[in-house]
Amino acid sequence: MAGPDREFPLENDEATLERAQQQILVCQDSQALKAVEREYLGKKGVVARLLASIPQLAPEQRPQAGKTANQIKQAVAQAIEARQRALDAATLEAERSGAGFDASLPPARALRGSLHPLTQVTRELEDLFQSMGYQVLDGPEVELDYYNFEALNIPADHPARDSQDTFYCDEQGHFVMRTHTSPVQVRAMERLTPPYRIVVPGKCFRQETTDASHDHTFHQMEGLVVGVDISVAHLIGAMKTLLRGIFKRDLEIRLRPGFFPFVEPGFELDARCPFCQAGCSVCKRTTWIELLPCGLVHPNVLRAGGLDPEQWSGFAFGLGLSRLVMLRHGIDDIRHLLAGDVRFLEQF
Ligand SMILES: [Zn+2]
């Protein structure tokens, strides 16, 4: 067998070729063939070394030596190809005749991916809302300050801007990473002709210190219904349907007053803890879980969207998708969701 440390010059002749052909003929699979191919035709293989040794020969010997090296190269390549074809044919024949086939062997384990739990919940809710006549809309993640704040009744000097710890994208503060999905409310009003119902699932961003319940990136689903004489009763009805869809049963709910500049009146909606009767760690022993902020659309927001508040009214809600996924799967740290750790994701 030729080794990398073989002395030069090699016998530049039929003996080399013959040896190669013998090696090729005994190969039983492609892997062995590849090894022979490397040995003879590789970068540091026999042929390469033959060619490299030519300059050391006497000038009159060089043309013949070059020719022979190339002949060996071609012949070896052809022999390898022929052997591969023969091996393929034999494999095919064996498969056809059933030889080597054992029906009792377990199948090879297929590697399967799965949808991210956030994607699962988002799709489920999209289906649920579409079945209730909602359209699913999308909006930009890099948003104009106008849509993220001003059109939502949050003027420049409003304290809500401080509390929202915004990522600004330019020095003038015209562009922000949206801090909620609510900007799509006004974008939708500008485009759609009422009455309509929309939901907007998507990413939101806050510049805040991360901990088990806060991450710089999280997912929300905005909901907006615009029509004539929309009241808190409509809001409660829609929220009950939503909860039934999520938790697969009726949950008692309660509304507490909540202040959000873009709704009036605004509420915090709590639901009875679906996991316990008398208090657990999820509901912090209160049997209520804080689920979503909601309310009737503020007249200023309707005006920003080009609607007359005398004629049109609506309700809006902001569902925390990240929180919902955590509730559903008992995940105790929001940072797991976007960490990209396969060991975590494989559980879903
Ligand atoms: Zn509980």
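## Ground rules

Two strands count as paired if DSSP finds at least two bridges between them. The strands themselves are DSSP runs (E, at least two residues), numbered from the N terminus.

What you're looking at is a predicted model, where local features need pLDDT of at least 70, side-chain atom pairs count only at pLDDT 80 or more, and totals for chains, interfaces and linings use all residues. Residues are numbered from 1 along each chain as its sequence is written, and side-chain values use heavy atoms, with hydrogens and water left out.

## Strand β7 and its partners

Let's start with β6 and β7, which make a hairpin with five residues between them. Strand β6 covers residues 253-257, and its antiparallel pairing with β7 runs over five bridges. As an example, P257 has F267 in β7 as its bridge partner.

Strand β7 also pairs with β8 (residues 288-297), again in the antiparallel sense, this time over eight bridges.

How covered is β7? Spanning residues 263-272, β7 has seven of its ten residues buried (under 20% relative accessible area with a 1.4 Å probe, protein chains only).

## The zinc site

Now for the metal. The SG atoms of C273, C276, C280 and C283 coordinate the zinc ion at 2.2 to 2.3 Å; donors are N, O and S atoms within 2.8 Å of the metal (3.2 Å for Na, K and Ca). Along the chain, these donors follow the spacing C-x2-C-x3-C-x2-C.

Note on methods:
Buried < 20%, exposed > 50% of the residue type's maximum accessible area, 1.4 Å probe, protein only. Helix = DSSP H or I, 4+ residues; strand = E, 2+ residues; numbered from the N terminus.
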